[in-house]
Amino acid sequence: MNNKLSLSDILALDSLEAAPQLLGVLISRHLPQGLLSLRIVETEAYHQNDPASHSFRGITARTAPMFETGGTIYVYFTYGMHYCLNIVTGQKGAGEAVLIRAAEPLAGLEIMRKNRNTDDIYKLANGPAKLTQALGIKDTKLSGKKLNKSSIFLSAPENPIIAVDVVVARRIGISEAAQQPWRFYIKDNPFVSKLL
DNA sequence: TTCCCGATTGTA
DNA sequence: ACAATCGGGAAC
């Protein structure tokens, strides 16, 4: 792994390569109430040749953003009540994305506490739908928008994650048949979604 | 048009 | 362990 890659370089990678590289990267959102910022600590890779991926069956109205160029945002609605945020990676037409599963809150804590209705900092964004709640994402309007050209943007970390601190694990919430070790998280980080 | 189920979370 | 809750996509 190479931590000298720029963000745009990372977004151009295959999702399996990009997912671990996105650990430690800062994700932020500008809201009228203020700036929210978090450090990504857990990701999962999805790609077109992957039965568990929404892109597996091709382009639809919902999944079209997954087939856009790296840096596009893909937001989907699930379980009748939750939204999850993905960062599309790779080339246009590839159908790849990285699900942001958990992050460490850095700025805008009071706004996130209000959005999540909890004071526990460890529970603000330790799950994909908790993260979107913390960020105030309540619909799929951001899906198809570009990072850094919308309210959501990424920025390089001051202290990049080193490869030895990245743990590889099975994805969560995926049927057994499609299980693959395509989840990545920062070792011993207390803001990850689960301890397995 | 009908039916099944999910890249989850909070509560019992 | 399980209900909540509804849109997407496959099947009819």
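Trainee: Which elements each supply at least two residues of the surface near DNA strand B?

Mentor: Strand E4 (82-89), strand E5 (96-107) and H4 do. Helices (H or I, at least four residues) and strands (E, at least two) are DSSP runs, numbered from the N terminus. This is a predicted model, where local features need pLDDT of at least 70, side-chain atom pairs count only at pLDDT 80 or more, and totals for chains, interfaces and linings use all residues. Residues are numbered from 1 along each chain as its sequence is written, chains are lettered from A and ligands numbered from 1 in the order in which they are written, and side-chain values use heavy atoms, leaving out hydrogens and water.

Trainee: Which of them gives the largest share?

Mentor: H4, with three residues.

Trainee: How many residues surround DNA strand B, and which are the closest?

Mentor: 19 residues surround it. The closest are His54, Tyr76, His82, Asn86 and Arg116. Near means that a heavy atom of the residue lies within 4 Å.

Trainee: Switching to DNA strand C. Which residues surround it?

Mentor: Arg57, Thr60, Arg62, Thr63, Phe77, Tyr79, Gly80 and Met81.

Trainee: What does Tyr79 touch?

Mentor: A polar backbone atom of Tyr79 is 2.5 Å from a base oxygen of DNA strand C. Thr60 uses a polar side-chain atom, 3.1 Å from a phosphate oxygen.

Trainee: Back to H4. At what angle do the axes of H3 and H4 cross?

Mentor: Roughly 120 degrees, for H3 (residues 109-116) and H4 (residues 128-135). The axes come within 7 Å. Axes are lines fitted to C-alpha atoms over the stretch in contact, and angles run from 0 to 180 degrees between N-to-C directions. The two helices are therefore oblique to each other. Oblique is what remains after under 35 degrees (roughly parallel), over 145 (roughly antiparallel) and 65 to 115 (roughly perpendicular).

Trainee: Which residues meet?

Mentor: Met112, Asn115 and Arg116 in H3 meet Lys130, Gln133, Ala134 and Leu135 in H4. Contact means heavy atoms within 4.5 Å.

Definitions and conventions: A polar contact is a pair of N or O atoms within 3.5 Å; within protein, one must be able to donate a hydrogen and the other to accept it, and residues adjacent in sequence count only if both atoms are side-chain atoms.
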